[in-house]
Amino acid sequence: QLSLFSLTVKRLFSTSHPSVDSKEMKKFQRLAHKWWDEEGEYSALHSMNDIRVPFIRDTLLNMSSNYHLGNPLSGVKILDVGCGGGLLSEPLGRLGASVTGIDPLEDNIRTADQHKSFDPLLAKRIQYKSSSLEEIVEESMETFDVIVASEVVEHVADLEMFIKCCSRVLKPEGSLFITTINKTQLSYVLGIVVAEKILGIVPEGTHEWEKFVPPEELEHLLESNGFSVKTVNGMLYNPLLGSWSWMESTSVNYAMHAVKSGAQGQSSPTDALSEMESEQSSAAAGTAV
């Protein structure tokens, strides 16, 4: 018998209010088999690993009291939302994390499953599921130490619902990592006109400028839903070199790290966070950094 609480959660996060946009799914359907072509449509995402993987790893290690050499993220449970073909799930798994990758597109999950099967180690550390975030909320309440949503929030239908769902499945004082695109004139010129129409780095029609999210708006949504934003870094893609670098300006791409506030008076539920960082997180919860 369902409790009143779980019924409320089910109603709140039911798929009658999905964050998944069916138009967006159709866009990615035809590219599902191309994820692991490093020179193809997803080449910019492959090279983004050079900065987004160390960003996630080093942020978590700075918050950690203990880690294993060679497997620095051992024992950390990560949810990779909108995992696509597993481009980010795999390197996180290689760092020792236990990764669950979800994507609403079955073809993406098929590609991801097939690719991880080539590496027996990854086959054990990573599991993929064809699912929206809402669909796993009830079975995964406060399950994960870390959520990664990389190049996802600019495609969701309901961003606040998406953030609420992230909060539900994240443990108290867990980390949320987001990379996305700002909503500026420059991001329209570089992200759509140049990237899609001129250079063809990204398939035409991949992005809609109206759905880009300014960092101030994302920060506000996170802060008002129980997160404390810790870091906002600008990112720059060089199409000539095919490489990413960090920059001060967030006018085009940016990465954000936020921490879910902990239950008052409780220590961190995960070994991945040190007691000192837990206290800092609790003290800073709900305030902008």
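Biologist: Let's start with Glu-151: buried or exposed?
Modeller: Glu-151 is buried, with a relative accessible area of 14%. Buried here means under 20% relative accessible area, exposed means over 50%, and partly exposed is in between, using a 1.4 Å probe and protein chains only. Bear in mind that this is a predicted model, where local features need pLDDT of at least 70 and side-chain atom pairs count only at pLDDT 80 or more, while totals for chains, interfaces and linings use all residues. Residues are numbered from 1 along each chain as its sequence is written, and side-chain values use heavy atoms, with hydrogens and water left out.
Biologist: Thanks! Where is Glu-151 placed?
Modeller: In the loop between β4 (144-150) and α8 (159-169); helices (H or I, at least four residues) and strands (E, at least two) are DSSP runs, numbered from the N terminus. The phi of Glu-151 is positive, near 55°. Most residues other than glycine have a negative phi.
Biologist: Switching to rings: how many aromatic pairs turn up in the whole structure?
Modeller: The search finds 5. Trp-35 and Tyr-42 make a stacked one, 3.8 Å centre to centre with 0° between the planes. Rings of Phe, Tyr and Trp (its six-membered ring) pair if their centres lie within 6.5 Å; planes under 30 degrees apart are stacked, over 60 edge-to-face, and the rest tilted.
Biologist: Are Trp-35 and Tyr-42 buried or exposed?
Modeller: Both are buried. There is also a tilted pair, Tyr-237 and Trp-244, at 4.9 Å centre to centre and 45° between the planes. Tyr-237 counts as buried because its relative accessibility is 19%, and Trp-244 does because its value is 12%.
Biologist: Which rings form a cluster?
Modeller: Phe-55, Phe-177 and Trp-246, linked by ring pairs.
Biologist: Last topic: what is the average pLDDT?
Modeller: The protein averages 84, and 83% of the residues score at least 70; pLDDT is the predictor's confidence in each residue, from 0 to 100. Over residues 264-289 it stays under 50, and the model has 44 contacts (heavy atoms within 4.5 Å) beyond four places in sequence for them. Where pLDDT is low, the predicted coordinates should not be read in detail.
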